[in-house]
Amino acid sequence: MTRDAVLTIDHLDVVYETERPVHAVKDVSLTLAPGEILGLAGESGCGKTTLAYAITRLHKPPAKVASGSITFHDRDGSDIDLLGLSDERLRAVRWSKLSMVFQGAMNALNPVTTIRAQLDDALVEHRRGMPKKERRAIAEDALRRVGVDPARITAYPHELSGGMRQRVMIAMAMLLEPQVMIMDEPTTALDVVVQREILREIVRLRDELGFAVVFITHDLPLLLEISDRIAIMLRGEVVECATAARIQHEPQHPYTQRLLRSFPSLSGARGDFIRTGLGFEEVAS
Ligand SMILES: Nc1ncnc2c1ncn2[C@@H]1O[C@H](COP(=O)(O)OP(=O)(O)O)[C@@H](O)[C@H]1O
Ligand SMILES: [Mg+2]
């Protein structure tokens with residue numbers, strides 16, 4: 001049986017219960033297919049991060065999910081109500097079924113332990129009884145996948161560049177082979193060459209491992225290159241959701257049209273080098 005969704009967001013509302021309440025996510029419904037890259041675009045403040053936090057259950061007061069549901073459709077056929085999970089069940093689901101990489105995630109690495117210890121912790125917790133030798137091999141493989149020399153596994157975070165640390169966080173997010181990854185501006189803090197390299201890796205790994213990704217950025221041109229479908233968010237609402245080609249060539253909503261026009265590069269020739277693997281020079285020219 002092929003499933004048509006791995007994640008369903010249904011009529012979700014998130015409100016910041018501040019003195020003047022902010023309705024940051026308004027009646028959002030989205031589905032994510034297995035293995036799909038769903039881009040989420042929209043200008044700063046439109047609610048992208050609020051949505052990402054609700055999906056990963058990282059929201060905390062004053063943020064409150066006022067209504068709606070988020071369901072994870074597990075590979076084994078069971079449905080998991082993400083918003084209703086106990087803390088204990090949430091710990092079991094996070095990283096192993098659904099993982100996340102946020103902007104600045106590289107700063108979430110523990111400064112006083114090695115990369116090896118941090119990857120190993122996740123394996124000890126989620127893969128009970130796995131022999132040490134196997135855990136080592138998996139951790140080294142995870143680094144290799146994201147282009148980090150596995151010899152660096154004994155390094156402390158401060159011994160690595162920002163780009164390398166962010167790659168380690170991506171390796172961590174992929175370590176337990178989750179079915180869904182939520183990536184919120186995962187490469188925004190990095191320089192453009194490193195950013196492109198990492199994105200190319202993510203697309204390649206998706207092809208290899210088959211996880212689905214919700215990829216969030218304000219960078220619409222980038223999303224057009226890597227996404228299967230794109231959802232456009234405006235003031236908390238998803239105003240349009242369609243294939244990347246349709247968003248680019250037949251945008252329906254006036255805001256989508258405006259957003260496209262705000263990126264002059266889109267009207268010029270722009271290589272889809274992430275998918276085709278062309279070199280950076282060819283894109284820059
Ligand atoms: N802790 C908070 N308290 C009150 N309002 C917040 C808080 N965090 C974010 N917001 C508001 O929620 C809206 C959506 O923010 P956010 O989800 O961060 O947008 P984006 O990620 O698209 O830039 C904005 O109006 C922002 O000011
Ligand atoms: Mg944000």
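This is a predicted model: local features need pLDDT of at least 70, side-chain atom pairs count only at pLDDT 80 or more; totals for chains, interfaces and linings use all residues.
## Overall build

The protein chain contains eleven helices and ten strands. Its C-alpha trace extends over about 55 × 50 × 45 Å along the principal axes, and its radius of gyration is 19 Å, which agrees with the value near 19 Å that a compact globule of 285 residues would have.

Of the 285 residues in the protein chain, 36% are buried. Among the contacts with a separation of 6 or more, 67% are made by residues 24 or more positions apart.

## The four-stranded sheet

One open sheet is formed by four strands in the order β2-β1-β4-β5, and the pairing within this sheet is antiparallel. Strands β2 (22-32) and β5 (79-81) lie at the edges, where each has a single partner strand, so one side of each is left without a neighbour in the sheet. When direction is ignored, neighbouring strands of this sheet are turned by 10° against each other on average.

Within this arrangement, strand β1 (residues 7-16) pairs with strand β4 (residues 63-73) over eight bridges, in the antiparallel sense. The bridge partner of L7 is F72, a residue of β4.

Another open sheet has six strands in the order β6-β7-β8-β3-β9-β10, and here the pairing is mixed. Its edges are held by β6 (98-102) and β10 (237-243), and because each has a single partner strand, one side of each is left without a neighbour in the sheet. From one strand to the next, the twist averages 15°.

Strand β9 (residues 229-234) pairs with β10 in the antiparallel sense over six bridges, and in this pairing I230 stands opposite A242 of β10. Helix α1 packs on the sheet, where it touches β3 (37-41), β7 (180-184), β8 (212-216) and β9, and its direction makes about 150° with that of β7. Helix α5 (residues 162-174) also packs on the sheet, touching β6 and β7, with a direction that makes about 170° with that of β6.

## Around ligand 1

There are 13 residues around ligand 1, and those that come nearest are Y16, A24, K48, T49 and T50.

Methods:
Residues are numbered from 1 along each chain as its sequence is written. Chains are lettered from A and ligands numbered from 1 in the order in which they are written. Two strands pair if DSSP finds at least two bridges between them. Helices (H or I, at least four residues) and strands (E, at least two) are DSSP runs, numbered from the N terminus. Axes are lines fitted to C-alpha atoms, for helices over the stretch in contact, and angles run from 0 to 180 degrees between N-to-C directions. The radius of gyration is taken over C-alpha atoms; the globule rule is 2.2 Å times the number of residues to the power 0.38. A residue is buried if 20 or more other C-beta atoms lie within 10 Å of its own, exposed if 12 or fewer, and partly exposed in between; C-beta atoms are placed from the backbone. Two residues are in contact if their C-beta atoms, placed from the backbone, lie within 7 Å. A residue is near a molecule or strand if its C-beta atom, placed from the backbone, lies within 6 Å of it.
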